[in-house]
Amino acid sequence: MLDPASLLEGLTPPQRQAVQHTEGPLLVLAAAGSGKTRVITRRIAYLIANGVPPWSILAVTFTNKAAGEMRERVMKLLSPDGAETKLSRGLTVTTFHALCARLLRREAEAAGLKPEFTIYDTGDQSAVVKRAVSDLQ
């Protein structure tokens with residue numbers, strides 16, 4: 001069983017306060033290198049250790065690298081070997097873009113899209129325009 005008190009070790013008072021905030025959403029804004037990821041990952045583990053179902057937790061960040069690092073750290077806090085367990089099943093740690101794409105696929109029909117739609121990056125867009133111009137001579 002995960003001990004909530006152990007998740008508070010080594011944190012500053014403001015970090016501890018953020019980790020222990022269990023009612024409603026929490027926005028963590030701080031300078032680079034100040035321990036934001038540590039606070040967020042420990043807060044997620046703290047919530048789960050205090051009975052919050054993992055499938056009701058959403059952690060959103062900007063980059064795939066940050067989301068992967070957060071996911072990895074949470075898994076290590078919840079399971080010594082970092083493997084997915086009952087404690088982590090359904091937990092969502094993702095990027096804004098991935099979350100929006102997931103929601104669009106789920107609600108594609110309501111948005112007038114097919115669920116298997118494709119999102120084009122800049123290179124894909126350029127290639128389609130070049131192909132269209134070439135096809136139209």
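Predicted model: local features only at pLDDT ≥ 70, side-chain atom pairs only at ≥ 80, totals over all residues.
R73 forms a salt bridge with E69, and the closest N and O atoms of the pair are 2.6 Å apart. E69 is likewise classed as partly exposed, at 33% relative accessibility. Both residues belong to helix α3, where they are four residues apart and therefore separated by about one helical turn.

A search of the whole structure finds two salt bridges. Besides the pair E69 and R73, the side chains of K76 and E72 meet in a salt bridge, with an N to O distance of 3.6 Å. K76 and E72 are also four residues apart in helix α3, so about one helical turn separates them. K76 counts as exposed because its relative accessibility is 52%, and the cut-off for that class is over 50%. E72, at 48% relative accessibility, counts as partly exposed.

## The setting of T95

T95 is part of strand β2, which covers residues 92–95. With a relative accessible area of 4%, T95 is buried, since that class takes in values under 20%.

A polar atom of the T95 side chain lies 3.0 Å from the backbone nitrogen of A98. When neighbours within four places in sequence are left aside, T95 is in contact with V60, T61, F62, T63, N64 and A67. Of these contact residues, V60 and T61 fall within the range of β1 (58–61), while N64 and A67 fall within that of α3 (64–78).

## The largest pocket

The largest pocket has a volume of about 810 Å³. Its lining is made up of 29 residues, and those nearest the centre of the pocket are L26, V28, I40, A59 and V60. The elements that give two or more residues to this lining are α2 (36–49), β1 (58–61) and α3 (64–78). Among them, α2 gives the most, with six residues.

By class, the lining of the largest pocket has 18 nonpolar, eight polar and three charged residues.

## Links between the regions

Note on methods: Residues numbered from 1 in each chain as written. Heavy atoms only, no water. 1 Å grid on protein atoms, 1.4 Å probe; cavity = no way out; pocket = protein on both sides within 12 Å on 5 of 7 lines; lining within 4 Å. Points joined across faces, edges and corners; volume = space filled by probe spheres on them. Nonpolar A, V, L, I, M, F, W, Y, C, P; charged D, E, K, R; others polar. Buried < 20%, exposed > 50% of the residue type's maximum accessible area, 1.4 Å probe, protein only. Polar contact = N/O pair within 3.5 Å; in protein donor to acceptor, adjacent residues only side chain to side chain. Contact = heavy atoms within 4.5 Å. Salt bridge = Lys/Arg side-chain N within 4 Å of Asp/Glu carboxyl O.
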